[in-house]
Amino acid sequence: MKTVKPLADYRLCVETVGGRSGVFDMKPYLDRGVFRELRDPGYFNRVGIVLGAVTWPNEQDIAPETLLAGLVGESAEALVQGHSSHLEVAGVQIKDLTP
């Protein structure tokens, strides 16, 4: 990971070294083991990157592959690449995105 910024509602804005970016929702993890500490907004906001992984001071971290799999809000170009010429964003179908 290249950058990570905490957002409201326990979400993270993430950019990878490869240029992918999007938002990862941490809410599904907040009731699991070591991640419970992240329910404190002040602590959640102390997120950073250590050795390429999204990490908090008490060593909670998200595996890069988990983060990438849950990333939403990428650019339309990244979402369409390798897919059909139709894209659905927030329930709205966008057609003919390929040249």
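Here are some exercises on a predicted model, each with a worked solution.

Numbering starts at 1 along each chain as its sequence is written, and side-chain values use heavy atoms, with hydrogens and water left out. Since the model is predicted, local features need pLDDT of at least 70 and side-chain atom pairs count only at pLDDT 80 or more, while totals for chains, interfaces and linings use all residues.

**Exercise 1. How many helices and strands are there in the protein, and in what order do the elements run?**

Step 1: Know what you're looking for. Helices (H or I, at least four residues) and strands (E, at least two) are DSSP runs, numbered from the N terminus.

Step 2: Go through the elements. The protein has 3 helices and 8 strands.

Step 3: Write down the order. From the N terminus on, you get β-β-β-α-β-β-β-α-α-β-β.

**Exercise 2. Where in the protein is confidence lowest, and where is it highest?**

Step 1: Look at pLDDT, the predictor's confidence in each residue, from 0 to 100. The protein averages 81, and 74% of the residues score at least 70.

Step 2: Helix α3 (residues 76-80) is lowest with a mean of 37, and α1 is highest at 98.

Step 3: Over residues 75-99 pLDDT stays under 50, and the model has 20 contacts beyond four places in sequence for them; a contact means heavy atoms within 4.5 Å.

Step 4: Take the lesson. Where pLDDT is low, the predicted coordinates should not be read in detail.

**Exercise 3. In what order do the 3 strands of the open sheet stand?**

Step 1: Pick out the pairs. Two strands pair if DSSP finds at least two bridges between them. For β5 and β6, which run antiparallel, there are 2 bridges.

Step 2: The open sheet reads β4-β5-β6, with antiparallel pairing.

Step 3: Look at the edges. β4 (48-50) and β6 (61-62) each have a single partner strand, so one side of each is left without a neighbour in the sheet.

**Exercise 4. Which residues have the most contacts inside the largest nonpolar core?**

Step 1: Define the core: buried Ala, Val, Leu, Ile, Met, Phe, Trp, Tyr and Cys residues joined through side-chain atoms within 4.5 Å.

Step 2: Name the residues. The largest core has 18 residues, and L12, M26, L38, V54, W56 and L67 have the most contacts inside it. β2 (11-15) and α1 (41-44) each supply at least two residues of this core.

Step 3: Zoom in on V54. Not counting residues up to four places away in sequence, V54 touches several residues, including L12, V47, I62 and L67.

**Exercise 5. Which residues form one aromatic cluster with F44?**

Step 1: Learn the rule. Rings of Phe, Tyr and Trp (its six-membered ring) pair if their centres lie within 6.5 Å; planes under 30 degrees apart count as stacked, over 60 as edge-to-face and the rest as tilted. A search of the whole structure finds 4 aromatic pairs.

Step 2: Y10 lies in the loop between β1 (3-7) and β2 and F44 in helix α1, so the pair ties together parts 34 residues apart in sequence.

Step 3: W56 is in the loop between β5 and β6, 12 residues from F44.

Step 4: Join the pairs up. Y10, F44 and W56 form one aromatic cluster.

Step 5: F44 is buried, and so is W56, whereas Y10, at 21% relative accessibility, counts as partly exposed.

Notes: Buried means under 20% relative accessible area, exposed over 50%, partly exposed in between (1.4 Å probe, protein chains only).
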